[in-house]
Amino acid sequence: MKKRTLCLGDDSGHSVDLCLWDLKAEEESSYIQERIDSGVQPIICVKGGKVSDYNGKSLSAIGVSTILIEPEMEAVADLREWMTLYYNITNFIHLSTSSSRQTVSCTTTLSEISNMQLKVLKSSPIYRVIATVKEMKTNEFYYNACINVMNAWQCGKKTSRTADGWFCSYCNIESANMEFKYALKMCIEDSSSHVWAIAFQEAAQEIVGIPAKKLATMRDENYPTFSLHIDGICSKITISKSGASLKNTKT
C-alpha cells in the first residue's frame with residue numbers, strides 16, 4: 001500500500017495535510033512533484049475527499065475522490081493571483097498536527113539545541129539545524145510496521161512476529177504482511193558539536209535515497225554494494241528540524 005502526504009495551503013492562511021493512497025499516491029503525486037521540482041507551486045482541487053479529525057484536521061483522497069490539477073476555474077485564477085502576491089510572506093497555521101511541515105522558528109547549531117531547556121507544549125517551537133551525517137547504525141535501521149488502516153491513516157506501529165504473520169498490539173490484530181519502515185540511528189555533526197539522533201520514514205528515505213526494504217535486501221544479499229552506499233551517505237549534508245521532542249540517543 002503506497003502513501004504520499006501533501007501539504008495544502010490557501011488564501012485563508014491555513015494549511016492541512018492531504019493523504020494520497022495507492023494509485024493516487026503514484027500518479028497524481030508524481031505529476032505534482034514534477035511541477036514542484038520545476039519551480040511551480042501547483043494548485044489542486046479535491047472533490048469527494050474524506051475529512052478526518054485524526055491528528056488534528058486532515059484530508060484523504062479515497063477511491064471515489066477526484067483530484068484536479070490546475071483546472072480552468074475562476075477560483076483557481078484568484079488563488080494564483082493571491083499566491084503571486086502573498087504566498088512567500090504568509091506564515092500558514094497548520095491544522096494537521098502530524099505533519100513535518102511545521103513552522104521553523106530559526107536556524108541554530110547542535111550545541112545550542114543541546115543546551116536548550118525544551119518543554120513539550122501544544123505549539124512547540126521548531127529549530128532547523130544544518131549538519132552532516134558522520135556515522136550510521138547499520139545493524140538495525142528499520143522496524144516491521146503495521147499495515148492496518150484506521151481513519152484513513154496507516155497505523156505504522158511496530159509489530160511482532162508470530163507463527164502466522166505479524167501482530168500489532170496497538171490495533172490488537174494480526175496481519176499476514178508488514179511494511180519496512182525506517183528508524184535510522186545516525187550521528188550528525190556541525191561545527192559546534194555532534195549528536196546521535198533518529199530519522200524516521202520520510203526523512204530517513206530522503207537521506208538514504210531508497211526505501212528501507214530495498215536497503216535491507218541490499219545488506220543481506222550484496223553487502224559490498226550496501227557498504228558503498230552507506231559510505232556515500234556519510235558526510236552528506238542534512239537539514240534537521242528539532243523541537244521539544246529532541247532526544248539524544250546513546251551510542
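Of the 251 residues in the chain, 35% count as buried (under 20% relative accessible area; exposed is over 50%, and partly exposed lies in between, with a 1.4 Å probe and protein chains only). This is a predicted model: local features need pLDDT of at least 70, side-chain atom pairs count only at pLDDT 80 or more, and totals for chains, interfaces and linings use all residues. Residues are numbered from 1 along each chain as its sequence is written, and side-chain values use heavy atoms, with hydrogens and water left out.

Start with the overall build. The chain has six helices and 18 strands (DSSP runs numbered from the N terminus, helices being H or I with at least four residues and strands being E with at least two).

The largest nonpolar core has 25 residues (a nonpolar core is a set of buried Ala, Val, Leu, Ile, Met, Phe, Trp, Tyr and Cys residues joined through side-chain atoms within 4.5 Å). Tyr-182, Leu-184, Met-186 and Leu-215 touch the most other members. Several elements give two or more residues to this core, including strand 9 (126–136), strand 17 (194–200) and helix 5 (212–221). Strand 9 supplies the largest share, five residues. A second, separate core has eight residues, among them Leu-20, Ile-32, Ile-44 and Ile-67.

Met-186 shows how far such links reach. Neighbours within four places in sequence aside, Met-186 is in contact with Val-133, Glu-135, Met-136, Val-195, Trp-196, Ala-197, Ala-199 and Ile-207.

Rolling a probe the size of a water molecule over the atoms shows where empty space is left. A pocket is defined on a 1 Å grid over the protein atoms alone, using a 1.4 Å probe: it is an open set of points with protein on both sides within 12 Å along at least five of seven lines, and its lining residues have an atom within 4 Å of a point. The second largest pocket holds about 280 Å³ of space (the volume filled by probe spheres set on the points, which are joined across faces, edges and corners). Its lining includes Lys-137, Tyr-142, Thr-159 and Ile-198. Strand 10 (142–145) and strand 16 (179–189) each give two or more residues to that lining. The largest share, three residues, comes from strand 10.

A sheet is the next stop. Strands of a sheet pair through backbone hydrogen bonds, either parallel or antiparallel. Here an open sheet of three strands runs in the order 13-14-15, with antiparallel pairing (two strands pair if DSSP finds at least two bridges between them). The edge strands are strand 13 (160–161) and strand 15 (173–175), and each pairs on one side only. Strand 13 meets strand 14 (residues 166–168) over two bridges. Arg-161 has Trp-166 in strand 14 as its bridge partner.

Two loop residues stand out by their backbone. Asn-172 sits in the loop between strand 14 and strand 15. Its phi is positive, about 60°, although it is not a glycine. Asn-172 is exposed, because its relative accessibility is 58%. Glu-70 lies in the loop between strand 6 (66–69) and helix 2 (74–86). Phi of Glu-70 is also positive, near 50°. At 25% relative accessibility, Glu-70 is partly exposed.

End at Lys-47, in strand 3 (residues 44–47). Lys-47 is exposed, with a relative accessible area of 64%. Beyond its neighbours within four places in sequence, Lys-47 is in contact with Val-64, Ser-65 and Thr-66.

Methods:
Contact means heavy atoms within 4.5 Å.
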